[in-house]
Amino acid sequence: MRLRWLVPTLYILFLMLPIYWLVSMSFKTTNEILGGLTLWPKNFTLDNYITILTQPVWYNGYINSIIYVCMNTAISVTAALPAAYAFSRFRFLGDKHLFFWLLTNRMAPPAVFALPFFQLYSAINLFDTHIAVALAHTLFNIPLAVWILEGFMSGVPKQLDETAYVDGYGFWRFFVKIFLPTIRSGVGVAAFFCFMFSWVELLLAKTLTAVAAKPIAATMTRTASSSGFELGLLAAAGALTIIPGAVVIYFVRNYIAKGFSLGRV
Amino acid sequence: MSLELRNVVKRVGGETHIYDTSVSLHDQGFNVLLGTTLAGKTTLMQLMAGLEKPTSGEIWFNGQNVTGVSVQRRNVSVVHQQFINYPSLSVFENIASPLRVAGMKRVEIDNRVHRTAELLRLTPMLKRNPAELSGGQQQRTALARALVKDSDLILLDEPLANLDFKLREELRDELPRLFADRHCTVVYATSEPLEALLLGGHTAAMHEGRITQYGPTAAVYRHPIDETTARVFSDPPINIASLIKSGRQVKLSESVKWDVPAALNDLPDGLYQVGVRPHLITTKPNGRNTVPLTGTVQITELSGSESVIHFAHTDMKWVSQSQGIHALQVGATETFYVNIDGCLYFGADGRLIETPAADAVPQAATA
C-alpha cells in the first residue's frame, strides 16, 4: 500500500507531459527543437512570444478567434434560452422528438457541413467574416446550449413562474428579473461549453475564412512558412491558445460542479 | 369579497380534472378544500387564481365575471406546498416583490415589508437568501409575500404539508390569527381531516374532481351527505360495512345485531350501509349503547395517547381508535365495542339517511 501514490502520480505525469513539452518547446529556438531531444530549454528565449505579440499576422489570429467565439456564444445562448424554456415548461406536439432531433445535430461531424457552408456563405457574401464562423458554429452550439439549459430550467419548479405571475410580473419581466438570475449557473455552463467548442473548432473556421477573419488555430497549424520551419513560434502560439480556455474554466468551475450535480453536463 | 364558481369544468387532453362544479365560497374565515392527493384541489385553486382557464363555466368575483381575466390583474396571492421563493433575491426583496411590481413608493414598501416580517417573525432574516433559511422560515417568507399586498383572494395549497410536525403545528396555530382582520376570501387546501377541523370555517370535501359537499366544517363532519364525503372526512379511515335490515333488527354479521335505529325505522327491509368512525369503536364500552364486535388483531399503532388497532371481523377489515395504550398481540382475538349511537347510515345509493344525534369531534382533533 506504500505505493498507492504511484498510479495517480503516473497519471498526472502522462497528462501533463504534452503540455510540458509544448511550453518547453515554446521557450526553445527552432534550431534547438530540430537539433535533438532536450528535456528543458538549453538556450532559454522569449523571442517566440515577442514575435507573436508584436506581429499582426499572429496576434490578429487571436483577435479574430475571440471575436467570432464571443459572437457565437452570445448568439447561441440568446437563441437557446427561449427554446429551452419552451421545452422545459410546455408540452406540445412532438416536443420530445424535436428535443432529440436537436441533439442529433451534434452527432454529425463538422466536415459534413464544410462544403455546403463554404458554398452558401460565399454565395451570400459572408465568406471570410467573423459572423460567418459564429453562425456556422451555432449549428452545434445551440442544440448543446438548449440541452444544458433545459436541464437547469426543469430543475426550477413551475410554481416559481406561477408565483411570479400571481405577484403581478408579466412574462418578460419575470423571465429577465426572476428566472434568469435563478438559472444563472446554467447560463454560465452553457456559455462555457459554447465558448470552448467554438474556440477549439478548426475545420469550419478554417474553411470559412481566408485573411480578414482567419482564426489562430488556422495560423498555428500551418507547418511551414516563407522562413521555413518555425516550430518554436508554433509552440508559443499553442501555449497561448490554451490560456483563454483555462481562464474561462477557472471562472465557471463552481457552476460546472453544480451542472454535474444536476446531471446535464 | 365573494368567489363563485358556476358550472366550472376543466379538461386536459382527454381527461376531466374537474367535473361540473358550482360553489359560492364564504368570505369569512377559512374555506378548506379537503381531499386526497389527485382529488383536484390544486387544479381547482389554479382555476380560482386564474392561472388556468376553465374548459367551460364561469368564475365570478365580487359580482364580476373574471373568467378571462389574467392572473396578474386579479389581485390574488398563492402559497404552494413546496417552499417557493425567488432564490436570487433576499428575503426582504422576496416579500417586497409584489409591491415593487405594483409600483408602490419606497417608504411604503419598507413599512409594509417590516410590518409583515414582524408578524411572521422574519425580521432577523430579512437580509438573508431564502436558501439559507429553514423550511419553516422559507414557508413563512412565502406567506409573508402572500400577505404583504392586500389580496382579495388568498389561496393556500397545502402550505404545511412539507413542514415537519412541530413547525406544522406552530404555523397552523398562527394561521387563523394572520387572517383574522383581513377582508379577503381565504381558500386552504389540505388532505388532512384534522386540519380542516382545526381551522374551522367552511369545508368543501373533494373527491376525484368533484366537490361532494360544501358547508360549515363541523356540519360537513357530522352530517356527510354521502359515503364518499364521509370517507374523505375521516382519519383514520371510516369503517363502512353492509348492513341487512330485517324486521326489528339490523344485522352486520351472524353474531352482530342490534335494534333498528331511528333512521331506518320507516324504511323497508333490505341492504343498507353503516359508517362507523374509528373513534366509535373502542376496546372498552364507551357510550350508552354499545355492541360487541369480535375480531382478530392485525396491526396496532400506538401513539402517545391513543391506540389505533386494525382488526378483522369476518371478511372485513375494521379500524378502531381508543384512548390510552392498548398493546394488543397481533393475531389475538379481541372484543371491541361499537358505539351504535354515533353510526352513520347510508342507503344503497350511498346517500346519508339519518345523522347521529350525539357525535363529537374526536379528542385527537384538539390534541
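In what order do the strands of the open sheet of 5 strands in chain B run? Point 5 has the reply; a few remarks on the rest of this predicted model come before it.

1. Let's start with chain A as a whole. Chain A holds 13 helices and 2 strands. Along the principal axes, its C-alpha atoms fill a box of roughly 75 × 65 × 30 Å. Of its 265 residues, 35% count as buried. If you take the contacts in chain A between residues at least 6 apart in sequence, 81% of them join residues at least 24 apart.

2. Helix 6 of chain A deserves a look while you are there. This helix covers residues 110-123, which makes 14 residues. From first C-alpha to last it reaches 20 Å, close to the 20 Å expected at 1.5 Å a residue. Along the way, helix 6 of chain A bends by about 30° at A:Pro116. Just after the helix you will find A:Asn125, with a positive phi of about 60°.

3. Next, please turn to where the two chains meet. Here 14 residues of chain A are in contact with 17 residues of chain B. On the chain A side, the elements giving two or more residues are helix 8 (158-167) and helix 9 (171-182). Helix 8 of chain A gives the most, with 7 residues. By residue class, the chain A side divides into 7 nonpolar, 5 polar and 2 charged.

4. Between them, 5 residues of domain 1 are in contact with 6 residues of domain 2. The domain 1 side of that meeting is made up of 2 nonpolar, 1 polar and 2 charged residues.

5. Now for the opening question. The open sheet of 5 strands in chain B has the order 15-19-16-17-18, and its pairing is antiparallel. At the edges stand strand 15 (281-282) and strand 18 (316-323) of chain B; each has a single partner strand, so one side of each is left without a neighbour in the sheet. Within this sheet, strand 16 (residues 290-302) and strand 17 (residues 306-313) of chain B pair in the antiparallel sense over 6 bridges. To see how they line up, find B:Val297, which stands opposite B:Phe311 in strand 17 of chain B.

6. Chain B also has an open sheet of 4 strands, in the order 2-1-4-5 with antiparallel pairing. Its edge strands are strand 2 (15-24) and strand 5 (64-65) of chain B, each pairing on one side only. Strand 1 (residues 3-12) and strand 4 (residues 56-61) of chain B run antiparallel and are joined by 5 bridges. B:Val9, for instance, has B:Ser56 in strand 4 of chain B as its bridge partner.

7. Is B:Gln273 buried or exposed? It has 21 C-beta neighbours inside 10 Å, so B:Gln273 counts as buried; the cut-off for buried is 20 or more. Leaving aside residues up to four places away in sequence, B:Gln273 touches B:Glu227, B:Ile240, B:Ser242, B:Leu243 and B:Phe346.

Key:
Residues are numbered from 1 along each chain as its sequence is written. Chains are lettered from A and ligands numbered from 1 in the order in which they are written. This is a predicted model: local features need pLDDT of at least 70, side-chain atom pairs count only at pLDDT 80 or more; totals for chains, interfaces and linings use all residues. Two residues are in contact if their C-beta atoms, placed from the backbone, lie within 7 Å. Ala, Val, Leu, Ile, Met, Phe, Trp, Tyr, Cys and Pro count as nonpolar, Asp, Glu, Lys and Arg as charged, and the others, Gly among them, as polar. The expected span of a helix is 1.5 Å times one less than its number of residues. The bend at a residue is the angle between axes fitted to the seven residues ending there and the seven starting there. Two strands pair if DSSP finds at least two bridges between them. A residue is buried if 20 or more other C-beta atoms lie within 10 Å of its own, exposed if 12 or fewer, and partly exposed in between; C-beta atoms are placed from the backbone.
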